[in-house]
Amino acid sequence: MIEGIRINAHGAYLTESGIFVEADDHSLIEQKFGLGNEDKYRINTMSYQILLAHNRSNDPNLMKLEVDSLVSPDNVYTSLIQTARASGIDEFKLPFVMTNCHNSLCSIGGTINEDDHNYGFSCAKRYGGIYVPTYQSVIHQYMREQMAFSGAMIMGSDSHTRYGALGTMGIGEGGGELVKQLVGQPYEVPNPKVIAVVLTGKLSHGVGPHDVSIALIGALFPSGFAKNKILEFIGPGVSSLSIDMRLGIDAMTTECSALSSIWISDEKTKEFYCNHNRLSCYNALAPKFPAYYDGIVEVDLNKIKPMIAMPFHPSNCYTIEEFRANAGDIINQVEEIAHKTMPNFSLSAQFYNDELHFTHATVAGCVGGLFENICEVNNILSMDEAVLPVGSSLHVYPASQSIYMNLLREGVTESLASKGVILMQASCGPCFGVQDIPANNMMVMRHITRNFLNREGARPEKSQSASVCLMDARSIAATLVNDGCLIGADQLDYEEESYTYSFDDSSYKKCVYNGYGKPDRSVTIVKGPNITDWPEFGPLPDHLLLKISGKYEGSVTTDELVPSGEASSYRSNPNKLALFTLINRDPEYIVKSKEILKFSSAYKVGEGTNVDKAFDECCKEVIRVIGCTSESLEVGSVILADKIGDGSAREQAASSQRVLGGRADIAIEFANKRFRSNLINWGLLPIEVSSMLSLSVGDIILLKDIRKTIISGDENLNAYHISFSGKMMERLALKLVALSEREREILLAGCLINEQKAIR
């Protein structure tokens, strides 16, 4: 239970008087709105006003959306464009922004960053894209400052694609979904439900946007209440928040598992567009009446307190006051979770005298590096006798060059630098786990988006253990001036001096390349030696014989499926990147998957016996029993998990499995739509089970007549547990739920690339 947040899971109608009428009050509902008219009035929400304006579908249950622009950072756009090129693209069909803000690895391990950047720049010129050079801006701040407009839709290949505070619906998806838009095809999504987030009151002194975000995630994520839904922020409390605060909260709705978010607009929204010389992009956005919502989240801003999200998820949160009262027990819980993959993990060096101490902190990215957050850090450090502890460090990354220049004009950079703060350039590196990496057995404070297991500095295969806690910039600064001892900013009596923000786009005008609508086919693509094409994948066979290469309890995040950090240096080389798949969670997965892949490759050319005699005999017996040919039975690998896919939109979490011969993921729950879409776009079957199968790694599953099943649209698979003698031991209750016609076509083709080749 999070103080200040109340959840009502019942639907309700918002009336013109601002009063909600709950849908379970049947007599009143029938009198006012009529029973069963939820769909009729859901279209009055801000969300559906935008969705319907972009919808091109005749199917009442499935939207086919055409977005206004796309964006992708440099850790993803190379593979995304490679997919588009393999699909036969000749021109970007809508504005596509490529930002260079994630890759700060220099030349460690794999692709040199500038190779990717040169590749992106040449593709922007050849196909008509928009190229934002390194350190100009983090991905989402550029889109806020330059591309968002009221009523728009933007899709990004980064999960925190959120511009709702500006009246733009942002959706984070895998690269395959962006490729569809680039070649002129729609984005498919089942009609989403909409949750009203009703804000009241005003934040207290020392409480910032990340405190609201962490509290909201703690209230919504564990139950899945917001999963694949749109959060719509309304209520009188919205006007009490600055645009910077709204932007910071908005981006973090991703961590609630929401599909997207949108905010009611006001004079502050209009002022943002005016200040960014784009007043014509502003239109007032508000619900029409009556508007139906599928649930309500009430947030009393007066009651939100400084928060801390402990490793290893933003939802693992406490008020700082609560944490201090129970620090020992909470730290023990964190260590217990860590010990599942990091047996030497310990926070004892930082927890002594019943207090948690910090020496390193970072404020960065699309949620931390905003103008007001940085100014508030300066206000706290400007208190009398406030100093950073000797040996400590605070790194601040302004989210764009415009913010940096504004801090210079206001004297904030000089003030911070004089206090020992290090001002960095615009970068997502700390959020992405490639900058400011903690030392072994160290936990650091950060105002960034995530603190997942193994994301920041932890490399279990190299005996490296590290972690991150999330806090608002205000409490981070307060903790440092409190001699590094954890404390909330509400406990300090500091002056909240205000500063003037004035947007300056002179740097963008000089450096950003905008080639949209001007493709130049004479341009040669610049392709570094470690930028490789996707391997070829075959279509879905008549039958699949799958060997289990991994089985996992709890949640498997995308950061475990394809790690950040060093692994990302191979982002442009699918075969090398795949060799990091699940390496921190289960190093044996790669070994077992490669063994299955080796057998599968040999089996295709009739040499399976030489690789795995027992498995070869099993295949022969299965072929005999079901009466098929060896050509119509494909061997692959599969993983089993309770829950899979929470986290990043990076499609490599799926494609790396496919490169290693994976053909399916079986789970009780897929964490969100974007991961499920990534699986489908790379030809992996997203199979659901009601409870975990009582099978083990190495066991074999037959998906008989899988091709016919998908063609027919039947959700129930003809699946069996197979013994190594080839005997069908038991029928398995496996399902492929709610596949659209387009998704079935992609799976049948074997992947999105194959499907695109067939239709272009």
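Is Thr709 buried or exposed? Thr709 is buried, because its relative accessible area is 10% and buried means under 20%. The model described here is predicted.

**Thr709 and its surroundings**
- Thr709 belongs to helix α26, which spans residues 706-712.
- At 2.8 Å, the side chain of Thr709 reaches the backbone oxygen of Asp705.
- Beyond its neighbours within four places in sequence, Thr709 is in contact with Lys704, Asp714, Asn716 and Leu717.

**Helix α9**
- Helix α9 covers residues 243-251 and is mostly covered, with nine of its nine residues buried.
- Among the buried residues of α9 are Ile243, Asp244, Arg246 and Asp250.

**The largest pocket**
- The volume of the largest pocket is about 840 Å³.
- Its lining counts 32 residues, and Ser242, Ile243, Asp244, Glu372 and Tyr499 are the closest to the centre.
- Helices α9, α10 (267-275) and α14 (371-381) each supply at least two residues of this lining.
- By type, the lining of the largest pocket has 13 nonpolar, ten polar and nine charged residues.

**The second largest pocket**
- The second largest pocket holds about 690 Å³ of space.
- Of the 27 residues that line the second largest pocket, Phe312, Ile337, Gly554, Ser555 and Thr557 lie nearest its centre.
- Strands β26 (543-557) and β27 (633-646) are the elements that give two or more residues to this lining.
- With five residues, β26 provides the largest share of the lining of the second largest pocket.
- This lining divides into nine nonpolar, ten polar and eight charged residues.

Definitions and conventions. Residues are numbered from 1 along each chain as its sequence is written. This is a predicted model: local features need pLDDT of at least 70, side-chain atom pairs count only at pLDDT 80 or more; totals for chains, interfaces and linings use all residues. Side-chain values use heavy atoms; hydrogens and water are left out. Helices (H or I, at least four residues) and strands (E, at least two) are DSSP runs, numbered from the N terminus. Buried means under 20% relative accessible area, exposed over 50%, partly exposed in between (1.4 Å probe, protein chains only). A polar contact is a pair of N or O atoms within 3.5 Å; within protein, one must be able to donate a hydrogen and the other to accept it, and residues adjacent in sequence count only if both atoms are side-chain atoms. Contact means heavy atoms within 4.5 Å. On a 1 Å grid over the protein atoms alone, a cavity is a set of points where a 1.4 Å probe fits but cannot get out, and a pocket is an open set with protein on both sides within 12 Å along at least five of seven lines; lining residues have an atom within 4 Å of a point. Grid points are joined across faces, edges and corners, and a volume is the space filled by probe spheres set on the points. Ala, Val, Leu, Ile, Met, Phe, Trp, Tyr, Cys and Pro count as nonpolar, Asp, Glu, Lys and Arg as charged, and the others, Gly among them, as polar.
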